[in-house]
Amino acid sequence: MYKKIKPAQLFDGYQLFEEKVLVLTERGTIVDIVDPADAGEDVEVLEGILSPGFINSHCHLELSHMKGIIEEHTGLLRFVNQIVSKRYADPEAIPAAIERAEAEMIRNGIVAVGDICNTTDTLFQKEKGHLYYHNFVEVIGFEPAQAQQHFDTYKVVYDAYCERFHPRQVSLTPHAPYSVSTPLLKLLATFPGNQLLSIHNQETEDENEWFLNSTGGFKALYERLQLKEVPVAPEGKSSIQTYSPYLPEGQQLLFIHNVFTTAADIRYALDRFPDACWCLCPNANYYITNRLPDIPMFQKEGVPLVLGTDSLASNYSLSIWEEILRIQKHYPQIPLEQMLSWATINGARALQIGERYGSFEKGKKPGVIQILNDTINRLY
Ligand SMILES: [Zn+2]
């Protein structure tokens, strides 16, 4: 026996339709999309939009206990500084907050997550199998001479995830262009398990300032850290154009944030990484720096966009729908249909799980959600 649902609008992962009926099995496997005239009896009529489950392409579940701890609009450098100094403040609060945050994502219609891990703190919750996770074990290491040491430290975390997850769900990934030394980036680039990478890219103006002019907040940070050598030597090019040549050509990767990315940067990256996806985390950008990326420019360049919540340290909730609402506020000209495709099929492809998630296509089991008056109801 099949279930048949006729919503006011049906979004199949690509397009919004009116007057369509979704046919699926009782366990949520998609059978077909048909016209009401061909649907037969027992069609359930629903208000709102029916959509495949959302993909949260960028999150840090392990920072969930930091909700509300860091004030808004501090700028990235002060923000990162506070993450480092305050993240271990209350270790007992960490597991409970992780459990609550995952439950929040489930309520908000999220079915799969690209999650950044510096530790194994989230393993206990992920093992329960409530959501699909791609675990990006994220490497940070400033001092070039200690690259191998930094690599080995995070490789231990990587191995722990690989014990519980299929290796294709685990990557050893660089944090950001300014926090991973060049020899460490080279070690990551040649690591055989990395069929998918992510990197925080051009989140702050200081990043390009360092790479272009050897000045700005990162120069001051490196001096404060009393490094023997700077992590990455500036070459008079933007950050993305400086580090990209160190990563393998054709690498599948997610560029995260992209607030200060230019059209020239996009074209440069597209040439080297034709399959790269560009992840927008607008609420986190608003929280940290009160500035959003030039999203219409990304659309003009025709590159795939995806959406992420970042962590609760820099967001009010873990909700992809709230990210869409934030974009709508700043760029009301962007059609909802496009943003929904970023939240579904594009996210699924970015996390390499398009064969199951992201769209209503025969045989897939992508989760089914109803969007009604800015609330999300999970149906499957
Ligand atoms: Zn992040």
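Analyst: Buried means a relative accessible area under 20%, exposed means over 50%, and partly exposed lies in between (1.4 Å probe, protein chains only). This is a predicted model, in which local features need pLDDT of at least 70 and side-chain atom pairs count only at pLDDT 80 or more, while totals for chains, interfaces and linings use all residues. Residues are numbered from 1 along each chain as its sequence is written, and side-chain values use heavy atoms, without hydrogens and water.

User: Why does S57 count as buried?

Analyst: Its relative accessibility is 1%, and the cut-off is under 20%, so the term applies. S57 is found in strand 6 (residues 54-59); strands (E, at least two residues) and helices (H or I, at least four) are DSSP runs numbered from the N terminus. Leaving aside neighbours within four places in sequence, S57 is in contact (heavy atoms within 4.5 Å) with residues including G114, L254, C279 and G347. From S57 to W342 the C-alpha separation is 9.7 Å, although they are 285 residues apart in sequence.

User: What makes H257 and N290 fall into their accessibility classes?

Analyst: H257, in strand 11 (residues 253-257), has a relative accessible area of 0% and is therefore buried. N290 is at 42% and is therefore partly exposed; N290 is found in the loop between helix 10 (282-289) and helix 11 (295-301). Neither is a glycine, yet phi is positive in both: about 90 degrees for H257 and near 60 degrees for N290.

User: Which residues coordinate the zinc ion, and why is its site called irregular?

Analyst: The donors are H58 (NE2), H60 (NE2), H200 (NE2) and D310 (OD), at 2.1 to 2.4 Å; a donor is an N, O or S atom within 2.8 Å of the metal (3.2 Å for Na, K and Ca), with water not among the atoms, so sites may look incomplete. The angles among the 4 donor atoms run from 84 to 168 degrees. Four tetrahedral donors require all angles between 85 and 135 degrees; four square planar or six octahedral donors require opposite ones over 155 degrees apart and all others between 65 and 115; anything else is irregular. The site of the zinc ion is thus classed as irregular. H200 in strand 10 (residues 197-201) and D310, in the loop between strand 13 (305-307) and helix 12 (320-330), are 110 residues apart. Both H200 and D310 are buried.

User: How do you know the relative orientation of helix 6 and helix 7?

Analyst: The axes of helix 6 (residues 205-213) and helix 7 (residues 217-224) cross at roughly 80 degrees and come within 7 Å. Helix 6 is therefore roughly perpendicular to helix 7, a class that spans 65 to 115 degrees, with under 35 roughly parallel, over 145 roughly antiparallel and the rest oblique. Axes are lines fitted to C-alpha atoms, for helices over the stretch in contact, and angles run from 0 to 180 degrees between N-to-C directions. D206, E207 and W210 of helix 6 meet G217, F218, K219 and Y222 of helix 7.
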